[in-house]
Amino acid sequence: MGVRLRMRTGAGAGSDAALQAPHRRGGPARLVAAALAALGPLLGLAACTSAPSVGDGSVGGDWAVLPTPSVPVPPEGACTAADGPQTAGLTLAFLPGTAVDCTKPHLSETFSVGTFPAQADTDSSTVPTVGTARFRYAYGECVRQAKTFLGRDPHTSALVVLPVMPSERQWAGQARWFRCEVVEIAGLDRTVVVRSESLRHALTGAGPLATTCADVQLNATHDQVLAVTFTPCGQEHDAELVGAYTLPDGDYPSAARIQSLTSTGCPPVGAAYVGIPATDLIRPGSEVYTFASGLTKDQWSAGERTTSCFFGSSAKRRTGSIKGVRAFPY
């Protein structure tokens, strides 16, 4: 700690005489001694005085170690509200939104929060996007956690599970978590349904989401599905979601290849759901059909390989579920 010496001029300032007469015997030595004598008490005073206290440390003592700044991990069990109709794209663009209690109107529910392992990707400088290793890891982990949270595979329901990444600012702040979100959709156009209760265990028991039926719009020749809107199985409907089929891994298949695979894979899934042999599910002349929800290229790049299977009739609408009826349903 330095001390500044201010030189004064004028009568009575004894130091002036010393400066003006350097030839006087002992002048310079006496001047230095006088200066040190004057400075000594000041330095001694500083050394004997207690250091001023600052915060929980002190100027002359130990300083408290401040914690490393970090981005808070989002809580599980929160729900997100948003204005207007929304679509459940792979990035859930309407998030982040206003956090609300799950008993309030909301679109999405955070049911789990995960963290990325260090080896999930070699590029840690950018937020994970669809198609990257980190995004695929998060998507797979969210689907796995959803089976416990919901009580069953979400692919066999009107629910969609998606990961939400940190924002760019959060990622720059070393946030390495991802949120697992679940939403209810109104149909295969993936319009999000506004809810006012949690989806925890929603697929267990005989709750309203335990079975999923649908109204189906077909083309004029009844060989192409144009639209699918979910409806309760207790109301008249055209088709029912009977299960899920997982396509083999590999490069993204063509639309024709997906159609071929699901046309072979979905009938046994539907037959098991009804409780009849696969050969009895689709009878000639009955106008029953199966179809799958399909997979987009983005879904495939995110690691999705499973599609939902539907079974219905273009000739007759049905009331009630066909699950376990153990007979030809139409």
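This briefing covers salt bridges, strand pairing and aromatic contacts in one structure.

The structure is a predicted model, in which local features need pLDDT of at least 70 and side-chain atom pairs count only at pLDDT 80 or more, while totals for chains, interfaces and linings use all residues. Residues are numbered from 1 along each chain as its sequence is written, and side-chain values use heavy atoms, with hydrogens and water left out. The model holds seven salt bridges and eight aromatic pairs.

**Salt bridges**

- A salt bridge is a side-chain nitrogen of Lys or Arg within 4 Å of a carboxyl oxygen of Asp or Glu; by this rule the count is seven.
- One of them joins the side chains of R179 and E181, with N to O at 3.0 Å.
- Burial follows relative accessible area: buried is under 20%, exposed is over 50%, and partly exposed is in between (1.4 Å probe, protein chains only).
- R179 counts as buried because its relative accessibility is 12%, and E181 counts as buried at 0%.
- R317 forms a salt bridge with E236, and the closest N and O atoms are 3.3 Å apart.
- This pair links distant parts of the chain, with R317 in the segment after β12 (306-313) and E236 in the loop between β9 (225-231) and β10 (239-246), 81 residues apart.
- Helices (H or I, at least four residues) and strands (E, at least two) are DSSP runs, numbered from the N terminus.
- R317 is partly exposed at 36% relative accessibility, and E236 is partly exposed with a relative accessible area of 46%.
- R317 also meets D238 in a salt bridge, at 3.0 Å from N to O.
- D238 lies in the loop between β9 and β10 and R317 in the segment after β12, so this pair ties together parts 79 residues apart in sequence.
- D238 counts as buried, at 12% relative accessibility.

**Strand pairing**

- Two strands pair if DSSP finds at least two bridges between them.
- Strand β8 (residues 213-218) pairs with β10 in the antiparallel sense over two bridges, and A214 stands opposite A239 in β10.
- β10 also pairs with β12, in the antiparallel sense over seven bridges; here G243 stands opposite C309 in β12.

**Aromatic pairs**

- Rings of Phe, Tyr and Trp (its six-membered ring) pair if their centres lie within 6.5 Å; planes under 30 degrees apart count as stacked, over 60 as edge-to-face and the rest as tilted.
- The eight aromatic pairs include F111 and F149, a stacked pair at 5.2 Å centre to centre with 25° between the planes.
- F111 sits in strand β5 (residues 108-115) and F149 in helix α3 (residues 133-150), 38 residues apart, and the pair links distant parts of the chain.
- Both F111 and F149 are buried.
- F291 and F310 are stacked because their ring centres are 4.8 Å apart and their planes are at 5°.
- F291 is in strand β11 (residues 288-292) and F310 in strand β12, so the pair ties together parts 19 residues apart in sequence.
- F291 counts as buried at 11% relative accessibility, as does F310 at 0%.

**Aromatic cluster and charges over rings**

- F116, Y137, W171 and F178 form one aromatic cluster.
- A charge sits over a ring if NZ of Lys or CZ of Arg is within 6 Å of the ring centre and within 35 degrees of the ring normal.
- The charged end of R134 sits over the ring of F116, 5.4 Å from its centre.
- R176 lies over the face of W171, 3.7 Å from the ring centre.
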